[in-house]
Structure formats: C-alpha cells, structure tokens
Amino acid sequence: MTSIQPPAEAIWWKQPLDRVEGTWIAIALVWSLIMFVMMPVWHIYGKQNLSNEAYRTTASAFQAKTQAMVDQYTVRTMTDQQIPVVKPPPGSDVYLLGRLWQWWPILELEKGQTYRLHISSMDWQHGFSLQPQNINLQVLPGYEMVVTITPDTSGDQTIICNEYCGIGHHTMVGKILVTEGGS
Amino acid sequence: MKTELFRTCPESGLQFHKPAENLMRIHAVLAVVMLLIGGLSALAVTLTRWPAVHLLPADKFYQLLTFHGVNMLIFWIIFFEIAVLYFCSSTLLKVRLATPRIAWIGFFLMVAGAVVNNLAVFGGNASVMMTSYVPMPANPNFYLGLILFAVGALIGCFVFLGTLVIAKEEKTYEGSIPLVTFGALTACIIAIFTIAMGAVILIPTYMWSMGWISHIDAAMYRLIWWAFGHSSQQINVAAHVSVWYAIAAIVFGAKPLSEKVSRTAFVLYIAFLQLASAHHLLVDPGLSSTWKIFNTSYAMYLAVLASMIHGLTVPGSIEVAQRSKGYTKGLFEWLRKAPWGNPVFSGMFISLIGFGFLGGISGVVMGTEQINIIIHNTIYVPGHFHATVVIGTTLAFMSLTYFLIPVLFRRQVFLPGLAKWQPYIFGISMMVFTLVMMGAGTLGVERRHWDMAFTDAALGFDYPASAYTLMGLVGLSGTAAIVGGAIFVLITVVSVFFGKRVESESNYGTATTRLLKAEPTITPAGGHEAAGKFGFAAPGTFAMAIFFLAVFVVYYAVNWKYLASVWPMS
Amino acid sequence: MNQETTDTKQPERVPIMQRIIDNPFLLLFIGVVVPTVFYVVWGIMELVTIPLAN
C-alpha cells in the first residue's frame with residue numbers, strides 16, 4: 001500500500017530493514033555523533049568558546065561601572081559627540097554598554113593581550129556584531145555577559161548592532177581599536 | 001444514524017466528506033490570500049535590501065518586514081497546514097470530520113487573529129518584527145491577534161485528533177493510520193506544544209503591553225518565545241515531509257521503503273525537534289554550554305538523523321516505484337524519466353533537494369554552539385530559513401496545491417503550460433536567493449537592517465564590495481522568486497474562482513467504500529532489491545545521499561576552520 | 001502478513017514499539033513532555049540561578 005494508505009501488514013514493526021536504509025542509518029548516526037562530540041571537543045581544544053559567565057544586573061549599576069572605567073582610563077575623545085576612547089590596562093575588566101542607538105565607550109585594546117569584556121544593554125535588546133571579525137553576541141537588558149577576549153589582529157574593528165532596536169538601529173555603530181602592543 | 005455526505009473523486013479515488021471539504025477549501029484559500037499579501041511585502045523588503053535600489057524609508061521597511069514575517073511564517077503556513085491536517089485525517093482515513101462546527105469557530109478565530117494583528121502592524125506602532133522582543137513595546141493588538149490566531153489553530157489540531165479517534169472507533173481503516181497521516185499527526189503534536197508555549201509567553205506579554213504587568217524578563221522571554229517561534233517552523237518540517245511522502249504516493253504510487261523506519265523517524269521529530277529552539281540562544285548570556293549543546297543538537301542530533309532518513313526514504317520510495325515500472329537502467333534512469341513537466345512532482349523534488357542541501361546543512365552548521373558566534377543575527381539566518389520554509393515548506397505546499405485544484409476544488413489548472421515552469425522559476429531563484437544571503441551573512445551583513453552603509457551614523461563602517469554585490473544579487477533573485485510566487489497565486493486564484501470545472505462526475509452520496517482494506521504487498525521474488533543494484537533497492541538515491549553527506553562534511557569543516565580564524569574567546 | 005504462520009487462531013501480538021507508535025495520545029504526551037523538561041524547565045532553572053553582579 002502506498003504512503004497515503006494504511007500499511008499492508010498488520011505488524012510492520014518486524015519487517016526487516018532494507019540494506020539501503022540500514023546502511024544509510026548507520027552512516028547518518030555516526031555523522032550525528034561526530035557532530036555532537038565536536039562541540040565538547042572544541043570547548044577543550046578550540047580557542048573560540050563562550051564562557052557563559054553572566055550576572056543579573058540593572059541599567060544603573062552597569063552604567064556606574066562603565067562610567068568608573070571611563071573616568072579612569074579615557075585617553076581622548078572621538079567625533080563631534082565627544083565619545084570617550086578608553087584604554088584600560090591589559091588583563092583588566094572592560095565595560096561596553098549598548099543603548100539606543102550607541103555602543104559606549106570606544107575601547108582601545110592591545111593586540112595579543114587578554115581582557116574581560118563585560119557587555120549589557122541599558123534599554124532594549126541589542127546585538128553585538130564585531131566587524132570584520134564577525135563575532136556576534138546577544139546583548140540583553142538586565143544581564144551582564146562576560147567574555148574573555150584576546151584580540152590577535154591590529155586595526156579598527158567596528159561594533160554594529162545586529163538586533164533590531166527601532167528606527168535608529170542602523171546608526172548604532174561603535175568601535176574597538178586594536179593597537180600593536182609592546183611599546 | 002445520521003447520513004454523512006461523501007463524494008469520491010474519480011481521478012484520484014480519494015473520498016471527501018462534504019463539511020471537511022468545505023473547511024479544507026476555505027483554509028487553502030485564506031492561505032493563498034496570506035501568501036499574496038506576504039509576497040507583496042516581500043517585494044518591498046527585498047527591494048530595500050538591494051543597496052542600489054533601497055526603496056523604502058526606515059520606518060516603512062521595518063513595518064513591512066514585520067508584516068512579511070508574520071504573514072508568511074505564521075498565517076500562510078498555518079492556514080495551509082490546517083487544510084493539510086483535515087485532508088490527512090478526514091480524506092485519507094475516509095471518515096467524517098469531527099465537529100465541523102467547532103472547526104469553523106477555529107477558522108474564524110484564525111481569521112480574526114490575522115486581521116487584528118495585521119491592523120496593528122499597519123497602524124505603525126507594532127513594527128517589532130515577528131519576534132517582538134521585550135522590552136520593545138508593540139500595540140497590544142499585535143499580541144492579541146497572535147493569541148486569537150493560535151487558539152483557532154489549536155482548535156484545528158484538536159479537530160484533527162478527534163477525527164483520528166472517530167476513524168478508529170468507526171473502523172474506517174484497519175491496522176495503523178497511513179504514513180502521511182502519521183506525519184500530519186507529528187505536525188499536529190508539535191503544533192500543540194508550539195501553541196501552548198505561545199500562550200505561556202504571549203498572554204503575559206499582552207498583559208504587559210496593557211500595563212497590567214510591570215516587567216517581563218528579556219532572557220526568559222527569549223527562552224519561551226523561541227519554544228513557540230522555532231517550534232512553529234518545526235510544524236512545517238513535519239508537514240512538508242508528509243507532503244513529500246504524499247506526493248510520492250500520488251504521482252508514483254510509491255510505498256514507504258519501510259513503515260518502521262519512516263515512522264520511527266517521525267517519532268524522533270516528535271520527541272526532539274522542538275529542542276532546537278535553542279538555536280536562537282547560543283550566544284545569549286546566562287545559559288550554560290551543557291544546556292546549549294544538548295538542546296541545539298536535538299539531543300545528539302537525533303532529529304537531524306530523522307531528517308536524513310526522510311531525505312533518503314522519500315526519493316528512495318520513488319526510485320523503487322520507478323524501478324518496478326521498468327526504469328532500471330543505470331543509477332538514475334528512474335529520475336531522468338520522472339515526470340519533470342508535472343509541477344506536482346517537480347516542485348516536490350526541488351523542495352526536497354533545496355531543503356536538504358541548503359536548509360538542512362546550513363541549519364545544522366549554524367546551530368553548532370560555537371559556529372553560531374560567526375553567524376548569529378547575520379543575514380545568513382534568513383538565508384537559512386528561506387531555504388527551509390520557502391523552498392522546503394512553501395514549495396511543497398505549492399506542489400500539493402496543483403494536485404488539489406482538480407481534486408479538491410474540481411477545477412482545471414489555469415495556464416497549465418505556465419504551471420509547468422512555475423516550480424522551476426520559484427525554486428531556482430529561491431535557491432540563488434538563499435545562497436547569496438548566506439554568502440552575505442558570512443561577510444557579516446546583518447539581518448533586519450535598513451542600511452548596510454550606516455548613513456547618519458556618527459561612526460561608520462564599510463562592508464567589502466563583495467558584500468554589496470551579494471546583496472544586489474539578493475535583490476535580483478528575491479525579485480525573481482516573487483515573480484515565481486506571483487505566477488503561483490495567479491494560477492491558483494484564477495483556477496479556483498474562474499477555472500473550468502472538471503467534467504467527470506463526482507456527486508455526493510453516503511460513503512460507499514467505508515472500509516479501506518489493506519491488500520498484501522506484491523514484492524518481486526528476491527525482495528524489491530531485485531530491481532535495484534548491488535543489493536540496494538534504491539542505489540541511485542543512496543549515491544545521492546552519499547554526495548549529500550560529502551557536501552555536508554566539507555561545509556561543516558570549512559565553518560570550523562573559519563571560526564578558528566577569529567579572535568580567541570573564552 | 002500471513003496469518004497462517006501462527007497455528008493458533010489468535011492474531012499475532014502487536015509488538016510494544018508498534019503499539020506505542022500507533023497511540024497518538026501517548027505520542028502527544030512525549031512530544032510535550034520531552035521539550036518541556038529539557039528545554040523549558042532546564043532553561044528556566046539556569047536563568048533563575050544566574051548570580052547578581054557585584
């Protein structure tokens with residue numbers, strides 16, 4: 001009987017497997033398991049993983065921490081809006097906040113150094129999208145995400161918002177400047 | 001005993017219960033209406049993302065993108081799916097539909113929900129995208145419309161289950177339900193989970209938008225919303241796989257290679273497919289990697305295994321049917337001699353290939369926990385789901401519609417010469433569309449973004465020229481696909497409302513062949529492997545499957561390699 | 001299948017797996033409980049145990 005009719009046999013469970021199906025199921029199962037194992041393996045041997053370190057926070061608490069960093073480490077400002085460029089010491093905790101419609105402040109990091117990057121949103125959901133690296137993270141209000149990053153290329157990276165956040169979404173652009181370290 | 005009205009379609013031998021038939025027709029018609037308005041908004045969206053055209057201003061773009069998403073991903077597909085559920089229960093089991101009156105209530109709720117939601121979006125204060133992530137507020141009617149629609153769809157699901165119960169009690173079939181009905185049951189079960197989750201998140205969100213609740217947690221919203229939003233697309237997977245099996249049976253008289261394997265694959269869908277809602281949360285704060293890995297992989301890729309099984313057994317069953325008709329030369333004579341001029345078949349086969357090669361592979365790759373870092377929220381994501389939902393689901397439903405026009409609507413297909421080409425125009429341009437979108441996403445172009453040139457931004461960014469080229473191709477191929485979709489709508493609407501009637505008699509009477517008795521299968525001596533090669537019943541399909549696997553493995557490895565090139569993170 | 005293979009008049013016992021697959025309501029139960037437990041409940045537990053930032 002065809003697929004739109006009831007099965008011909010009252011008991012179809014005991015029907016032996018076709019060779020073509022049996023072989024394919026075995027191959028597909030092995031491939032599925034390989035793909036599954038790849039994820040934990042990458043956590044052990046790979047270099048690009050999220051720690052999943054996160055905290056509950058509030059907009060004001062996170063803003064205060066970011067402001068403290070800006071007050072301490074600002075080296076200059078950029079654009080007409082006087083956006084502070086902050087150069088925190090390697091290994092330190094750096095803060096980046098997203099709000100309608102800005103990533104704040106501009107971070108200046110040293111190539112090859114490691115930083116604990118904290119990200120949160122002051123208002124709606126935002127998307128941290130670092131270009132042209134193409135690292136993409138979800139940024140939520142009320143949550144502080146911590147990612148330990150090690151920039152290994154120098155030059156300017158742009159942070160774009162890639163979670164729709166209203167009419168000014170396309171103007172929400174920030175920067176991470178990476179300098180050659182060691183000087 | 002009440003007499004129920006049935007008619008048997010002389011061409012297909014299918015039996016239609018009159019109240020069920022009316023419901024199927026009205027749901028299918030509404031579905032096409034939704035496809036039409038969703039398609040018009042698609043044109044505006046795609047022409048805006050084409051950098052050289054950049055048609056709409058930002059506010060209109062986001063408004064129409066919201067409109068496009070909701071109408072296509074929810075309204076078009078679910079209206080059609082309810083028709084499929086009624087077809088797979090009442091028609092395939094030759095039984096009266098349970099409680100047609102209540103089914104009509106469900107229908108009107110769905111219509112009301114679609115209207116309320118669309119009016120809210122047209123009002124201009126609900127441009128929040130289909131996902132309506134809190135705390136971005138929308139007009140309360142946006143959520144209310146979705147809730148009404150979901151309740152209506154839930155009623156449809158229960159009518160389907162009720163019809164299964166009646167068929168069993170009235171013994172309109174013997175043994176187990178047909179495989180296609182079983183696939184529809186899978187879709188129905190996933191739909192029930194989906195709608196339950198939709199209620200859990202949308203009702204509080206509605207109350208929040210009315211000011212009755214002060215706060216909805218953004219992470220919690222995303223967790224539950226995606227159990228609704230992603231699972232709703234898994235309904236489609238189960239539904240269009242069932243449609244593939246149905247078309248293989250209708251066009252070729254194909255029988256499943258094995259009931260056991262195909263049904264077990266559907267059971268794997270029932271248990272594990274919904275876990276992949278985690279695909280959207282892989283770079284979210286707060287969820288552990290253990291949770292992410294387990295859920296994103298559908299518990300060790302068991303649902304991917306199921307899809308790979310269906311991907312083999314659907315064409316495999318066609319190959320076996322074709323070989324038993326004598327198309328046994330070489331590996332692929334069965335495929336070369338398939339009716340490529342019949343849109344019911346060609347659409348289904350393009351849907352199968354596109355879903356597997358483009359939608360399936362990209363979905364698994366981007367759903368890998370770490371690889372998602374280089375893909376999340378780029379335009380790669382809509383590239384992927386246009387391959388699954390448009391090439392996979394929409395094209396499969398279009399193919400089925402070409403079958404239903406004469407059988408269900410009793411009309412001849414308008415412009416059959418054009419209908420022959422429609423699946424190719426639509427399917428191939430859609431394949432290009434999804435590929436160039438995925439290419440642009442790999443270069444970091446964002447989804448849901450009005451201006452990739454960042455006009456008016458204090459700080460700028462220039463995408464490479466190749467990204468602009470790819471987005472230009474998105475606009476071109478998207479427009480071509482919309483032309484293909486418009487041809488479908490034209491053919492369907494003209495056929496159904498103004499088409500020539502099918503001449504053969506198909507009058508209503510009481511059911512004649514109430515008992516669909518199963519006949520023993522005739523298997524050639526030596527099993528149906530005898531018609532195949534190397535002891536394989538479907539050697540051509542197996543060769544295609546191995547080719548598929550090779551592409552899969554290479555693309556998967558390439559993406560790990562690409563991931564390894566970005567900044568180290570931990 | 002051939003009923004003659006069994007000597008008794010009793011029809012062949014339906015295997016347990018086939019009986020499970022033939023039961024829509026059992027499948028509905030599985031299809032709701034599995035994702036609810038692994039995705040929803042587990043996920044909620046993780047979100048509510050996120051510590052407060054200092």
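Let me start with a definition: a residue is buried if 20 or more other C-beta atoms lie within 10 Å of its own, exposed if 12 or fewer, and partly exposed in between, with the C-beta atoms placed from the backbone. Now try it on B:Ala338, which is buried because 20 other C-beta atoms lie within 10 Å.

Before we go on, some housekeeping. This is a predicted model, where local features need pLDDT of at least 70 and side-chain atom pairs count only at pLDDT 80 or more, while totals for chains, interfaces and linings use all residues. Residues are numbered from 1 along each chain as its sequence is written, and chains are lettered from A and ligands numbered from 1 in the order in which they are written.

Back to our alanine. B:Ala338 sits in the loop between α10 (333-336) and α11 (343-366) of chain B. When I say helix or strand, I mean DSSP runs numbered from the N terminus: H or I over at least four residues for helices, E over at least two for strands. Which residues is B:Ala338 in contact with, leaving aside its neighbours within four places in sequence? They are B:Gln322 and B:Phe345. Contact here means that the two C-beta atoms, placed from the backbone, lie within 7 Å. By comparison, B:Ala440 is 102 residues away along the chain, and its C-alpha atom is 35 Å from that of B:Ala338.

Next, please look at helix α13 (416-442) of chain B. α13(B) has 27 residues and spans 40 Å from first C-alpha to last, close to the expected 39 Å; the expected span is 1.5 Å times one less than the number of residues. There is a kink of about 30 degrees at B:Gln422, shortly before the proline B:Pro423. That bend is the angle between axes fitted to the seven residues ending at a residue and the seven starting there. Just after α13(B), B:Gly444 has a positive phi of about 90 degrees.

Most residues other than glycine have a negative phi, and most peptide bonds are trans. Where do we find exceptions? B:Lys171 is not a glycine, yet its phi is positive, about 50 degrees. You will find B:Lys171 in the loop between α4 and α5 (179-209) of chain B, and it counts as exposed because it has 10 C-beta neighbours inside 10 Å. B:Asp456 has a positive phi too, near 75 degrees. B:Asp456 lies in the loop between α13 and α14 (465-498) of chain B, and with 12 C-beta neighbours inside 10 Å it counts as exposed.

As for cis peptide bonds, one joins B:Val134 and B:Pro135, with omega about 0 degrees. B:Pro135 belongs to the loop between α3 (100-123) and α4 (140-169) of chain B. Another cis bond joins A:Leu100 and A:Trp101, with omega about -10 degrees. A:Trp101 is in the loop between β4 (93-99) and β5 (102-104) of chain A.

So what is chain A built from? It has two helices and 12 strands. Strands β3 (residues 83-86) and β6 (residues 106-110) of chain A run parallel and share two bridges; strands pair if DSSP finds at least two bridges between them. In that pairing, A:Val86 stands opposite A:Leu107. β6(A) also pairs in the parallel sense with β12 (residues 173-179) of chain A, over four bridges, and there A:Leu107 has A:Ile176 as its bridge partner.

How about the overall form of chain A? Its radius of gyration is 24 Å, whereas a compact globule of 183 residues would have one near 16 Å. That radius is taken over C-alpha atoms, and the globule rule is 2.2 Å times the number of residues to the power 0.38. Along the principal axes, the C-alpha atoms of chain A fill a box of roughly 80 × 40 × 30 Å. Of its 183 residues, 50% count as buried.

Finally, how do the chains meet? In the contact between chains B and A, 95 residues of chain B touch 77 residues of chain A. On the chain B side, α9(B) gives the largest share, nine residues. That side has 59 nonpolar, 21 polar and 15 charged residues. For these classes, Ala, Val, Leu, Ile, Met, Phe, Trp, Tyr, Cys and Pro are nonpolar, Asp, Glu, Lys and Arg are charged, and the others, Gly among them, are polar. Chain A also meets chain C, with 12 residues from chain A and 10 from chain C. Strand β1 (residues 53-56) of chain A provides the largest share of the chain A side, three residues.
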